[in-house]
Amino acid sequence: MTANTREKTPEQTSEKTPVTLLGLGAMGTALARTWLAADHPLTVWNRTPARAAGLVAEGAKGAGSAAEAVAASTLVVVCLLDDASVGEALADADLTGKDLVNLTTTTPDQARARADWARERGARYLDGGIMAVPPMVGVPEAGGYVFYSGAAELFEQHRETLAVPVGTRYIGADAGHAALHDVALLSGMYGMFAGIHHAFALIRKDDIDPVEFAPLLADWLAAMAQGVHLAADQLRSGDYTKGVVSGLGMQVAGTPTFLATAEQQGVSTELLLPYFDLMARRLAEASGDEDLTGVVELLVRGE
């Protein structure tokens with residue numbers, strides 16, 4: 001058979017990049033369906049084979065093992081439970097020449113170690129932090145995206161394919177930075193949820209409809225969220241008195257009112273006290289004219 005008549009592989013004949021996806025939880029399944037809808041040849045594997053049945057019926061190719069799935073495509077996307085699951089799933093796979101994109105939630109150090117592990121096995125590596133929930137996948141107007149860090153050339157080569165489910169944001173060669181951005185943003189989210197839940201707890205026993213209260217709370221949080229830009233500017237400059245509207249001294253003086261109100265409403269102060277404690281400690285060593293941003297220094301020092 002001559003070079004001109006040799007049968008081409010699926011990767012050579014398809015206009016769309018073939019994708020192998022390991023992990024078919026809620027997020028993995030959502031990712032899979034968007035690639036299928038965009039006509040990407042898709043091979044899937046899941047530890048529980050039954051989860052692949054629906055996708056196979058929709059046109060995906062099911063693999064009997066993770067190693068078999070990896071062999072099917074150059075681009076291998078992993079969306080599993082944790083870093084240990086990634087190591088277990090890929091233990092017997094030949095990664096030589098593969099482009100491994102890991103969307104599993106891990107720590108920054110785990111991502112860096114996994115990048116080294118992949119390179120030692122002949123693969124290029126890209127780590128991802130998904131800033132979306134499954135219903136946002138495949139819905140561009142929902143605003144979801146994935147942070148990517150690691151091999152820049154891998155990202156550039158597969159940018160279009162990776163952008164099919166949700167948007168992409170490449171943030172550098174350090175493989176740990178996608179996970180770090182992911183956890184940092186989610187940590188901010190949990191802090192916001194803590195404040196939301198404390199606010200609802202305060203009104204819970206009174207004749208205040210939480211549904212009517214919700215827009216007031218949402219609008220207030222949206223207005224206060226603009227403070228992240230001032231805090232970032234203060235951190236960059238090191239001047240925590242820059243642009244201050246309400247000084248640290250005044251805010252610390254007001255904290256007893258919040259604690260007393262919670263007590264009167266029969267609400268625990270366990271969500272407020274750690275932050276109020278940081279504020280008071282920062283005031284003891286710094287100027288009362290500072291903004292609240294100085295508490296970052298206490299957190300970084302671990303004091």
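The following legends describe close-up views of a predicted model.

View 1. Strand β5 comprises residues 99-102. Asp99 and Val101 point to one side of β5, Leu100 and Asn102 point to the other, and all are buried. In a regular strand the side chains alternate between the two faces of the sheet. Strand β4 (residues 75-78) pairs with β5 in the parallel sense over four bridges, and Leu100 is the bridge partner of Val76. The pairing of β5 with strand β6 (residues 124-131) is likewise parallel, over four bridges; here Leu100 stands opposite Tyr125.

View 2. From β4, which pairs with β5, the chain passes through helix α5 (residues 83-89) to β5 in a right-handed β-α-β crossover. A right-handed β-α-β unit is also made by β5, helix α6 (residues 108-120) and β6.

**View 3. Helix α12 and its buried face.** Helix α12 (residues 273-285) has 13 residues and reaches 19 Å from its first C-alpha to its last, close to the 18 Å expected at 1.5 Å a residue. Phe276, Leu278, Met279 and Arg282 are buried in this helix. Seen down the axis of α12, the buried residues fall within an arc of 155°, so they line one face of the helix. These buried residues pack against α11 (248-264) and α13 (295-301).

View 4. Thr29 lies in helix α2 (residues 26-37). With a relative accessible area of 16%, Thr29 is buried, because this value is under 20%. The Thr29 side chain reaches the backbone oxygen of Leu24 at 3.1 Å. Leaving aside neighbours within four places in sequence, Thr29 is in contact with Leu24 and Leu55.

Terms used
Residues are numbered from 1 along each chain as its sequence is written. This is a predicted model: local features need pLDDT of at least 70, side-chain atom pairs count only at pLDDT 80 or more; totals for chains, interfaces and linings use all residues. Side-chain values use heavy atoms; hydrogens and water are left out. Helices (H or I, at least four residues) and strands (E, at least two) are DSSP runs, numbered from the N terminus. The expected span of a helix is 1.5 Å times one less than its number of residues. Buried means under 20% relative accessible area, exposed over 50%, partly exposed in between (1.4 Å probe, protein chains only). The arc is that of the directions from the helix axis to the C-beta atoms. Contact means heavy atoms within 4.5 Å. A polar contact is a pair of N or O atoms within 3.5 Å; within protein, one must be able to donate a hydrogen and the other to accept it, and residues adjacent in sequence count only if both atoms are side-chain atoms. Two strands pair if DSSP finds at least two bridges between them. A crossover is right-handed if, with the strands pointing away from the viewer, the path from the first strand over the helix to the second runs clockwise.
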